[in-house]
Amino acid sequence: MTYVVFDIETRIDKALLNQCLYRGEGLTDDEALVRHQDELRAKSGRDMVSATFHVPISIAAASVGADHRLRELKSFEGDERAIVEAFWRITETWKGCLVTFGGRGFDLPVLELAALRHMITAKAHFGAKYGNRYRFQTDAHLDLYDFLCAYGATSFRGGLDALSRM
């Protein structure tokens with residue numbers, strides 16, 4: 001089996017956040033973000049904004065063969081639409097396993113919502129009964145965070161940095 005290990009970087013769509021959460025309150029987009037993060041911290045102790053309001057700005061991917069040797073490094077460049085379109089075009093034709101760390105809960109939802117925003121189709125991704133979106137399979141998508149947390153039975157703090165140091 002071949003693998004594609006990938007990660008995304010995002011920015012927050014502050015205008016969308018402001019329109020959806022604070023419409024009519026007269027806040028600037030920056031003020032809306034600060035207020036929302038303050039509310040999140042007060043409620044949960046964390047200030048991570050929902051994937052709904054994130055926009056992908058870059059994707060890095062490494063293709064790894066069945067022998068676990070690096071085959072190719074790739075970065076997706078351009079505007080949001082170009083990045084998202086290139087990612088889904090490749091995943092639609094590729095037969096292997098996506099590997100992420102926390103990708104099931106963040107990276108893939110961000111990319112799915114970006115596809116929706118730009119009307120980019122990903123039939124193989126959304127149409128497969130036990131594909132990338134099915135939580136307990138590891139053939140199409142292996143989320144290392146999910147796997148290490150026993151699919152929600154426990155938690156793992158410290159992220160990929162802690163795991164690497166272990």
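Helices of at least four residues and strands of at least two are DSSP runs, numbered from the N terminus. In this predicted model, the elements follow the order β-α-α-β-β-α-β-α-α-β-α-α from the N terminus on. That order contains seven helices and five strands. The points below cover the overall build, the surface and charges, and the aromatic side chains.

**Overall build**

- The C-alpha trace of the protein spans about 55 × 35 × 30 Å along its principal axes.
- The protein has 166 residues, and 37% of them are buried.
- Among contacts with a separation of 6 or more, 66% are between residues 24 or more positions apart.

**Surface and charges**

- The protein exposes about 10,100 Å², and 54% of this area is supplied by carbon and sulfur atoms.
- There are 21 positive and 23 negative side chains in the protein.
- The centres of these two sets of charges lie 5 Å apart.

**The pair Phe6 and Phe87**

- Four aromatic pairs are present in the structure.
- One of them joins Phe6 and Phe87, with 5.0 Å centre to centre and 50° between the planes, which makes the pair tilted.
- Phe6 belongs to strand E1 (residues 3–12) and Phe87 to helix H3 (residues 80–93), so this pair ties together parts that are 81 residues apart in sequence.
- Phe6 has a relative accessibility of 4%; because buried means under 20%, Phe6 counts as buried.
- Phe87 has a relative accessible area of 3%, so Phe87 is buried by that cut-off too.

**The pair Phe101 and Tyr145**

- Phe101 and Tyr145 form an edge-to-face aromatic pair, with 5.7 Å centre to centre and 75° between the planes.
- Phe101 lies in the loop between strand E4 (97–100) and helix H4 (103–117), while Tyr145 lies in helix H6 (residues 144–148).
- The two residues are 44 residues apart, and their pair links distant parts of the chain.
- Tyr145 has 29% relative accessibility; this value falls between the cut-offs of 20% and 50%, so Tyr145 counts as partly exposed.

**The ring cluster and a charge over a ring**

- Phe6, Phe76, Phe87 and Trp88 are linked into a cluster by ring pairs.
- Phe76, one of the cluster residues, has the charged end of Lys74 over its ring.
- That charged end of Lys74 is 5.6 Å from the centre of the Phe76 ring.

Definitions and conventions
Residues numbered from 1 in each chain as written. Predicted model: local features only at pLDDT ≥ 70, side-chain atom pairs only at ≥ 80, totals over all residues. Heavy atoms only, no water. Buried < 20%, exposed > 50% of the residue type's maximum accessible area, 1.4 Å probe, protein only. Contact = heavy atoms within 4.5 Å. Areas by Shrake-Rupley, 256 points an atom, 1.4 Å probe, with all protein chains shown as cover. Lys, Arg positive; Asp, Glu negative; His and termini not counted. Charge placed at Lys NZ, Arg CZ, Asp CG, Glu CD. Phe/Tyr/Trp six-rings, centres within 6.5 Å; stacked < 30°, edge-to-face > 60°. Lys NZ or Arg CZ within 6 Å of the ring centre and 35° of its normal.
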